[in-house]
Amino acid sequence: TTTATTTTTTTPLNAPRSIRNVIDNEIVQLKSELDLLLKFNENLLHFDSSIVKKAAKTKVEDFMKTLSTVIDNQSESGDKLCRESQMENLEAASKILSATADISRTLASTLSVGSMTSIQLANISMLVMKKEMSENTSSDWLAGDIKVTLPDQPSIAQDDSSVTVSFTSYHNLGYMMGVEDHIRSPVLSVNVIKKKNQKRSIPLTKPVEFLLHHKPFRKVRKRKCVYWDFQYSSWSQDGCYTLRKKSTSTTTACQCYHLTNFALSVEQEDVQTDTVMAEVTTVANKHSWDTSAYFSDEPSVTPGPEYLEEVMEEEEHEKHSTTVKSSNDFTFFIVSAPPKILKM
């Protein structure tokens with residue numbers, strides 16, 4: 001007699017849900033509710049559109065409150081996540097940025113030229129505005145520690161010469177997108193609303209400029225203004241430049257010739273390399289010449305490893321200049337010809 005045993009595995013009711021699934025469900029629910037609002041507005045010709053505008057803003061605001069809580073809860077265990085969970089975070093964050101453009105489009109559809117709608121939460125801020133395009137003017141946004149300027153230009157205008165743009169900042173999203181990069185700023189999303197089949201990244205003849213505030217950096221080799229590349233699911237520098245002259249120890253100014261999602265990435269110093277160099281310098285300084293036994297040709301003096309060259313990235317796009325930074329504190333090495341041994 002053969003007895004068959006069947007084992008059934010069940011998922012505990014209190015098992016944590018995947019953040020990717022949570023984000024997906026929240027986005028689907030919001031889009032469904034916004035679609036119902038817009039259809040309701042279209043079916044009632046004499047309905048007060050300001051009511052739909054306010055209702056849509058409330059829906060988005062509730063969504064962002066939930067979103068912020070989900071991100072914060074995830075960040076509590078961020079340092080303990082395995083590689084698979086980190087990649088899942090990255091995918092969820094990318095979905096959030098993609099949904100931001102769709103949300104902006106929906107809110108923009110409730111606006112008339114000359115109006116705007118804004119949302120201000122602790123970790124998420126958004127502004128959607130519609131205006132007439134003019135020469136030598138720009139769309140500006142200041143929210144907390146972010147300042148953005150997008151000059152008016154034909155590539156962002158609609159057929160009626162109006163400009164519809166949205167600015168969104170996520171202060172707690174950067175850590176989820178730092179698997180390969182050290183993201184040290186809020187994630188900024190700048191979206192221009194034109195037509196449904198527009199490209200994600202709109203090329204600009206006049207660059208967007210933004211200023212990101214951050215804590216003073218320690219052991220940072222280089223700052224990089226980056227944008228999110230949806231195709232490769234990674235941060236890229238293409239078309240973005242750091243404005244050195246407009247940056248300080250606590251702010252970094254960036255300039256990009258395309259839209260849409262930006263952040264500040266940093267290259268950290270290699271602590272191990274610095275330690276080795278320090279040891280080499282120390283040993284070199286301890287070397288002494290035994291004048292009773294060794295003599296050589298006339299020595300020459302050359303700067304030691306503390307004499308560094310610093311590459312400065314200039315404001316003009318695609319232009320770089322190399323400036324040598326001098327210091328009075330560098331160490332000197334004595335370089336000489338091979339020693340000659342004399343019999344004493």
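**Close-up views: disulfides and sheet**

**View 1. Cys-225 and Cys-254 are joined by a disulfide, S to S 2.0 Å.** A disulfide here is a pair of cysteine sulfur atoms within 2.5 Å. The link of Cys-225 and Cys-254 is left-handed, with -75° about the S-S bond. Cys-225 lies in strand β9 (residues 220–229) and Cys-254 in strand β12, so the pair ties together parts 29 residues apart in sequence. Strands are DSSP runs (E, at least two residues), numbered from the N terminus. Cys-225 counts as buried at 1% relative accessibility. Cys-254 counts as buried, also at 1%. Buried means under 20% relative accessible area (1.4 Å probe, protein chains only).

The model is predicted: local features need pLDDT of at least 70, side-chain atom pairs count only at pLDDT 80 or more, and totals for chains, interfaces and linings use all residues. Residues are numbered from 1 along each chain as its sequence is written, and side-chain values use heavy atoms, leaving out hydrogens and water.

**View 2. A disulfide joins Cys-240 to Cys-256, S to S 2.1 Å.** The S-S torsion is about 120°, so this disulfide is right-handed. Cys-240 lies in β11 and Cys-256 in β12, so the pair ties together parts 16 residues apart in sequence. Both Cys-240 and Cys-256 are buried. The whole structure holds 2 disulfides. Their pattern is 1-3, 2-4, counting bonded cysteines along the chain.

**View 3. An open antiparallel sheet of 5 strands runs β3-β4-β8-β12-β11.** Strands pair if DSSP finds at least two bridges between them. β3 (138–143) and β11 (240–243) stand at the edges, each with a single partner, so one side of each has no neighbour in the sheet.

**View 4. Strands β8 (residues 203–213) and β12 (residues 251–258) run antiparallel, joined by 7 bridges.** Phe-210 has Cys-254 as its bridge partner in β12.

How values were computed
Helix = DSSP H or I, 4+ residues; strand = E, 2+ residues; numbered from the N terminus. Buried < 20%, exposed > 50% of the residue type's maximum accessible area, 1.4 Å probe, protein only.
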